[in-house]
Amino acid sequence: MPTPRGRVLLAEPRGFCAGVDRAIEIVERALDIHGAPVYVRKQIVHNEHVVRELEERGAIFVDSENEVPEGAVCIFSAHGVSPQVRSNAADRQLNVIDATCPLVSKVHQEARRFARDERTLLLIGHADHEEIEGTYGEAPDRTLIVEDAEEARKIELPEGTRSAFLTQTTLSVDDTSEIVDILRERFPGIVGAGSEDICYASQNRQNAVKAIAAESDFVLVVGSENSSNSVRMVEVAETAGTPARLLPSVDSLDPAWLEGAETVGVSSGASAPEVLVEQVMARLAEMGYGEVDAVVTAQENVVFRPPAGLARTTAEKDAAEPAADPGVATKRLLTRVSARIEDLLAAERKTWDDVDARMTRPIDAIAHLVAAGGKRLRPTFCISGYLAAGGALDGSQAEDAVVSAGAALELLHAFALIHDDVMDNAPTRRGRPTVHMKHAAVHADQGWAGEPRRYGDGAAIIAGDLAYGYAHTAVEALSGPARRVWNHLGTEMIFGQQLDMSLAAELAPDPALARYVAVCKSGQYTIHRPLALGATIAGRDDLDDAFEAYGVAAGEAFQLRDDLLDAFGDPEVTGKPAGLDIRQHKMNLLLALAATKDAEVARLVADGGDWDADRLHEALRASGMREEVEQRIEDLVATAHKALENAPLAPGWRERLKEMAVKVAYRET
């Protein structure tokens, strides 16, 4: 038995990120499908151990596509390539398979967008890094590389230059924040995606290293010397005041480094395989560091699927078989979404009922609203995005993540509805009294002190707030790209609500603004963002452009149908009073369009707070806008369908999504 010397703090997360997993899987699948050799331009990821293993299987790594025989399989590494490389590969008739990390691909897309906008691009990163070389190639005539804060202070742009910035994904927010601050101060009009382009894995691993460095006497980072993120992790530990070393393999571990060290921190870069960490842990145990404590700073559930065309293994096909029928797969996951919500609320109810029974009232309000029906549109579109992107029912973390996301979306919608009903003073929702009306009635019936209306509003606000909190609890394990989609979704919806409220107060019949509200509250929040969230969980952010075009069009059609149902629908069918928007002075898209095209509607709207709701409703009916809006809905559905024509979707999903657009546009409730 070795003499005990101390303990190990093992960082989590560490090791392979989703982009590295995907890149390695692409090479392995290419070898399975095409046989050896396959050629890989540059190292697929920056790790010598990984490269050696793939070489043993038949991969040949080359520095240039010019070294690949004409017509052979050529895989682009995870770091991306320039358009010039792609063009050269096409000229050589290479069978190209792109293993570029989706996060890097997004930066390339933004570089092209900034170039189209005729902006000078300030590219933050290391000039000799393959990722920067590839991104630079998107617009070399209008791109300047900024490596550090000193260069940011010295760089000069001609007066009047429109500028933008992008960052190397493997740098963390900490790495780039000073440079970005300098650029923003020097060039006030500069634009950029900022932290949205930072690789979630780089940031998470640096945060984890900081955490273990704070309690360690020495830190070991497993990773290759050419791995930028691994080298940076060593620097992060040293900046935190703890000596650290990069460890390419267990054979590099010098026992002298650990003299006097009671606590050793261990982590690994995003391109380092876990087997190397296991070897290091075994060696440390032999040296007396037998006690191991995990330090968890984040949970990662991001998965990036390989590109279309790479066949799955037999086992994967078997696992994915339940997802073959879109309707069956969707229903199965929706059932799990409902169960997830019920379990969460039941657990919360039990917890707080033990304290005081009155504390369960807001939980019951949420549960009653969710159980009252509803279309479950947002969870359905989220699940559809996941399955359409190739997500499988295989018991994976990704499958569980999309169930959690679906539950969160329904809870977020409950929050929006409860608060919306307070703002609109709506009496019913889904055929039942709204939360604020129900609690106001309870207050009045019990003869409690104070005003029933204020009590009811307060109870609803608390219930809505709680639903919002539970929504975020449901997705607390989401990280990286999926987390960013989730955060943007909720914020966008709330700002759409703010603008909706402002238009109602100001009575400004502005169709453009009313349409923007419809896009925020329906197109994005109901369809596009849930689809994107599901696809991102499945590792497919390449579908976002198609899903946005589809979602915005289908969402506007959804909102226009909502406006028609409000104005002309049957309360017995819709579950809420007809004409509520008009009585509440809401300048919805239907009314805004009518006010710009019909003189009588415009005159009645101009009466402002004194308008006659009944006369306005009749004028709206007589304006002919109903027929015009029906035609607009038809055109929007056609636009949504067209957006899917060339999207690389899983079998059966193009038609499924087309059917869903029709259903939301022509629903009766």
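A disulfide is a pair of cysteine sulfur atoms within 2.5 Å, and a search of the whole structure, which is a predicted model, finds zero disulfides. The protein chain has 27 helices and 15 strands, and of its 669 residues 55% count as buried. Among contacts in the protein chain between residues at least 6 apart in sequence, 75% join residues at least 24 apart.

**Cysteines**

**Helix packing: α14 with α27**

- Helix α14, which covers residues 377–388, packs with helix α27, which covers residues 653–665, at an angle of about 165°, and the two axes lie 11 Å apart.
- Angles over 145 degrees count as roughly antiparallel, and α14 and α27 are therefore roughly antiparallel to each other.
- The crossing in which α14 passes α27 is left-handed.
- On the α14 side the contact is made by Leu377, Thr380, Phe381, Ser384, Leu387 and Ala388, while on the α27 side it is made by Trp653, Leu657, Met660 and Val664.

**Helix packing: α24 with α25**

- Helix α24 (residues 599–606) and helix α25 (residues 613–622) pack with their axes 9 Å apart, at an angle of about 160°.
- With that angle, α24 and α25 are therefore roughly antiparallel to each other.
- Here α24 passes α25 in a left-handed crossing.
- The residues that make the contact are Glu600, Val601, Arg603, Leu604 and Val605 of α24, together with Arg615, Leu616, Ala619 and Leu620 of α25.

**Cis peptide bonds**

- Most residues other than glycine have a negative phi, and most peptide bonds are trans.
- The peptide bond from Glu12 to Pro13 is cis, with omega near 10°, and Pro13 is found in the loop between strand β1 (7–12) and helix α1 (18–34).
- Ala36 and Pro37 are also joined by a cis peptide bond, for which omega is about 0°, and Pro37 has its place in the loop between α1 and β2 (38–41).

**Positive phi values**

- Lys42, although it is not a glycine, has a positive phi of about 65°, and Lys42 is found in the loop between β2 and α2 (48–57).
- Asn425, likewise a residue other than glycine, has a positive phi near 55°.
- The place of Asn425 is the loop between α15 (397–424) and β14, and with a relative accessible area of 31% Asn425 is partly exposed.

- The relative accessibility of Arg429 is 16%, so Arg429 counts as buried.
- The side chain of Arg429 is joined to the side chain of Asp421 by a polar contact of 2.7 Å.

Key. Residues numbered from 1 in each chain as written. Predicted model: local features only at pLDDT ≥ 70, side-chain atom pairs only at ≥ 80, totals over all residues. Heavy atoms only, no water. Buried < 20%, exposed > 50% of the residue type's maximum accessible area, 1.4 Å probe, protein only. Polar contact = N/O pair within 3.5 Å; in protein donor to acceptor, adjacent residues only side chain to side chain. Axes fitted to C-alpha atoms, helices over the stretch in contact; angles between N-to-C directions. Helix = DSSP H or I, 4+ residues; strand = E, 2+ residues; numbered from the N terminus. Parallel < 35°, antiparallel > 145°, perpendicular 65-115°, else oblique. Left-handed = near helix turned anticlockwise from the far one by under 90°. Contact = heavy atoms within 4.5 Å.
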